[in-house]
Amino acid sequence: MSESNSFQFRYNRLRGKEELAPNERELVDRAVAALSSSYSPYSHFRVGAAVLLENGEIITGSNQENGAYPSGLCAERVALFYAGARYPGIPVVSMAVVASSGDGLTENPVTPCGACRQVMSEYRVVSGKPFAILMVGSNEIVRVEDVEQLLPFSFSLSNGMKRK
Ligand code: THU
């Protein structure tokens, strides 16, 4: 017999940076600063990300494009992969993402693409610890306490692939 299931998606909507905790505000400021290193001559859409690790380090990244379009990489994955390369195995505590297509930040919060969600999901699964994300816009900030909420039924090692 079939069974119907559901899950809850929990998030906070904040009206601005004033409503953030001081450490979250710093993370957002670092993501904003990372916008200046975006290499986005094709989309003219700059994205900045900052990742806070459990050891207190903050790693930032920005989107890096390429003339062979699919070869570029989103800001979130630049930051996460660099964090993984620089501090292997150190859990991610939280991440902030911002974007700009002109002078200021986008009005609406920037929401990560599916591939970035997949990468967040695996780091979260491997660490076994919640990983919060702040998606930032000039009109609103959305906080999700755990990125596992962003990608239900994500591909994961529990799907049967063995880690060697
Ligand atoms: N991009 C990101 O860096 N992060 C996102 O969450 C969405 C999209 C980048 C990819 C590309 O360089 C540009 O934004 C336009 O899609």
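Which polar backbone atom lies 2.9 Å from an oxygen atom of the ligand? One belonging to alanine 75. The model is predicted, and the distances below are computed from it.

**Ligand contacts**

Alanine 75 contributes through its backbone. Asparagine 63 and glutamate 76 contribute through their side chains.

| Residue | Protein atom | Ligand atom | Distance |
|---|---|---|---|
| Asparagine 63 | side-chain N or O | oxygen | 2.9 Å |
| Alanine 75 | polar backbone atom | oxygen | 2.9 Å |
| Glutamate 76 | polar side-chain atom | oxygen | 2.6 Å |

On its own, the ligand has 370 Å² of accessible area, and the protein covers 74% of that.

**The shell and the pocket**

The ligand takes up the space of the largest pocket. Around the ligand stand Ser43, Phe45, Val47, Asn63, Glu65, Cys74, Ala75, Glu76, Thr111, Pro112 and Cys113. By class, six residues of this shell are nonpolar, three are polar and two are charged. Asn63, Ala75 and Glu76, listed in the table, are among the residues around the ligand.

**Serine 38**

Where does serine 38 sit? Serine 38 lies in the loop between helix 1 (22-34) and strand 2 (46-53). Is serine 38 buried or exposed? Its relative accessibility is 14%, so serine 38 counts as buried, the cut-off being under 20%. The side chain of serine 38 also makes a polar contact of 2.8 Å with the side chain of serine 40.

Terms used:
Residues are numbered from 1 along each chain as its sequence is written. This is a predicted model: local features need pLDDT of at least 70, side-chain atom pairs count only at pLDDT 80 or more; totals for chains, interfaces and linings use all residues. Side-chain values use heavy atoms; hydrogens and water are left out. A residue is near a molecule or strand if one of its heavy atoms lies within 4 Å of it. A polar contact is a pair of N or O atoms within 3.5 Å; within protein, one must be able to donate a hydrogen and the other to accept it, and residues adjacent in sequence count only if both atoms are side-chain atoms. Accessible areas come from the Shrake-Rupley method with a 1.4 Å probe; for residues, only the protein chains shown count as cover. On a 1 Å grid over the protein atoms alone, a cavity is a set of points where a 1.4 Å probe fits but cannot get out, and a pocket is an open set with protein on both sides within 12 Å along at least five of seven lines; lining residues have an atom within 4 Å of a point. A molecule sits in a cavity or pocket if more than half of its atoms lie within 2 Å of its grid points. Ala, Val, Leu, Ile, Met, Phe, Trp, Tyr, Cys and Pro count as nonpolar, Asp, Glu, Lys and Arg as charged, and the others, Gly among them, as polar. Helices (H or I, at least four residues) and strands (E, at least two) are DSSP runs, numbered from the N terminus. Buried means under 20% relative accessible area, exposed over 50%, partly exposed in between (1.4 Å probe, protein chains only).
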